[in-house]
Amino acid sequence: MTERITKSMAKNIYYGGGTFALLIFIALTFDTVHQIPERSNEVNMTESVVLGKKLWENNNCVGCHTIVGEGAYYAPELMNVFNRRGASDEVTFKAYMQGWMAAQPLAVPDRRKMPQFNLSNEEVDNLSDFLIWTSKVNANDWPPTIEG
Amino acid sequence: MKYSSQAVAKPYFIFALVLLAGEILFGLLMSIQYVYGDFLFPLIPFNVLRMVHTNLLIVLILFGFMGATYYLIPEEAERELWSPKLAIITFWVFVVAGVATILGYLFVPYATLTEITFNELLPTMGREFLEQPLPTKVGIVLVVVSYIVNVSMTVLKGRRTVITTVLITGLLGLAVFFLFAFYVPDNLIMDKFFWWFTVHLWVEATWELIMGAILAFVLIKVTGVDREHIDKWLYLIIAMTMVSGILGTGHHFFYMGAPEYWLWIGSISSAVEPLPFFLMILFAFTMSRDRKIKHDNEIALTWAKGTAVMAFIGAGVWGFFHTLAPVNMYTHGTQLTAAHGHLSFYGAYIMIIFTVISYAMPILRGRPHGNSKKAQNVELTSFWMMNIGMMGLTLALSAAGLVQIFDSRVGTELIGFMESAESISSIFMIRAGFGLLVFIGLLTYFYSFFVKEEA
């Protein structure tokens, strides 16, 4: 198969094909950036949600958990934790989060452990707001189940 | 060694291997903590172990690429390196920055680390693989820029070959796409979208160019095949890489908040992604069959063939398993991703570094015909130990991923993540065992450097 392809043909496929793919990628990037605010309900992204994201980053939560399927696989997915542990009710979820974060680490032998991050009640609420906002993102019907 | 400045590659190679030992060691610690949650807790929580494990991997690959480049560029350009002194300075800067960062991870709580490293000025921390504090990220930019300048100046003043052109294109891509590590929008979804510009376009596009160039260089040296022939193959491989890999980024945009059309574009493009790796196998084996010389360093050719095969299995086959959108719906964010990640990084990037070290290191140590037969046999043993170990742990992680999917995502009687974690703990024991085999394989590899030369 490769005998019939010359070096200059291969070179042209590289430059031509690469440029073509890159141009399509750039065009779709512009469109995606245009669509993300609506798909993620950016209008509901309050100051508390943004503070929650900062806490998420500053405590390296993604080092154990996945969020919208990305991160480490040591601890549960958190895009749907609002539905799973809060029954999609904000008051219930926030109360649950206050209790949960305060109880860490759980004294269950050999269970995977979550550290105690010593967050204030207000910070835990920020984190809850961030997770509630994330649960409403349109991720093409992912996750497939409330547990996954 | 034809040019004395090639010697700057040596410390880069040695340090890359030292970091690799650390990387695997932390992997082993994680695999134990996966089963025994109290192991090392709260001394080193899982997120810290993982950060050290993945960051060491990235940094060791960069060290390996730099060593490979500094070795091959003078020979390709047919002149001494533009500034060997700069290459040594950047080596030490990178070592100090790297070691300081790892010590920071281990001994300072991450939240404190964000405070003392001025993360508030330009928040970039706390994102997977890009956890490095701001000063480290800036340091990486400076090191990479000085490296590219050094390499480019050498090539501009010397002979230009397809290998150097491809290599420099890859390096420029590496530098440009790293800049997205400094862009962290408040919107998590926008943040994720651009995060992939660094992560995917490094490992599935620009790094593949670098890998292809290094592989082509080693194959020319150990097979003596005509350069025209090698060049054609190299262009063909990187053409397929670019055509599939750039739009293949779309396979990360299925279920993270990006629009629906990525389901199609990502699936179709990334279905082609195994092709460049398959071409690499054909390339390595055809060149080996058509070789004009029989180089005494046989193990270097073994690694070259090995990296092509293992990269195809890890990146190509294991990538394909979950790259189609309807499948990815169930596999997204499970241990199957970890399985693919492990074998592809090992097959493509760790093994290409072994390949170039196996070829270049004996020459740098004054053994132009390669190491002694005895040392090569020890190295061959380590080759198989590491390959079998990596294959075994990949199969174990895949099995764990499948159990997770059937536990929590398919069917009616679903169990939660933590319950599922208990049902895969025995699989994780097996995974840890294979991990240990990889580590012993690496120690065997290290031992091959110390086998006495026959008189």
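Modeller: Let's start at Leu219(B): setting aside neighbours within four places in sequence, its contacts are Val225(B), Ile230(B), Ala284(B), Met287(B) and Ala304(B). Two residues count as in contact when their C-beta atoms, placed from the backbone, lie within 7 Å. Please keep in mind that this is a predicted model, where local features need pLDDT of at least 70 and side-chain atom pairs count only at pLDDT 80 or more, while totals for chains, interfaces and linings use all residues. Residues are numbered from 1 along each chain as its sequence is written, and chains are lettered from A and ligands numbered from 1 in the order in which they are written.

Leu219(B) also belongs to the largest nonpolar core, which has 186 residues. Such a core is a set of buried Ala, Val, Leu, Ile, Met, Phe, Trp, Tyr and Cys residues joined through C-beta atoms within 7 Å; buried means that 20 or more other C-beta atoms lie within 10 Å of the residue's own. Leu219(B) is among the residues with the most contacts inside this core, together with Ala16(B), Ile214(B), Val218(B), Leu234(B), Met280(B) and Val356(B). H7(B) supplies the core's largest share, 24 residues. Helices here are DSSP runs (H or I, at least four residues), numbered from the N terminus. Domain 1 (1-39) and domain 2 (44-148) of chain A both contribute residues to the core, so it lies between them; their bounds come from an automatic or database domain assignment. The centres of these two domains, taken over C-alpha atoms, are 38 Å apart.

Stepping back to the whole of chain B, you will find 16 helices and zero strands. Buried residues make up 59% of its 455 residues. Of the contacts in chain B between residues at least 6 apart in sequence, 80% join residues at least 24 apart. Its C-alpha trace spans about 65 × 45 × 45 Å along the principal axes.

Now for the partner chain. The contact between the two takes 61 residues from chain B and 59 residues from chain A. Elements giving two or more residues to chain B's side include helix H2 (46-77), helix H7 (188-223) and helix H13 (335-364). The largest share of that side, eleven residues, is from H8(B).

Finally, a look at H16(B). Its buried residues include Phe428(B), Arg431(B), Phe434(B) and Tyr445(B). Among what covers the buried residues of H16(B) are helix H1 (9-35) and helix H14 (373-408) of chain B.

Definitions and conventions: A residue is buried if 20 or more other C-beta atoms lie within 10 Å of its own, exposed if 12 or fewer, and partly exposed in between; C-beta atoms are placed from the backbone.
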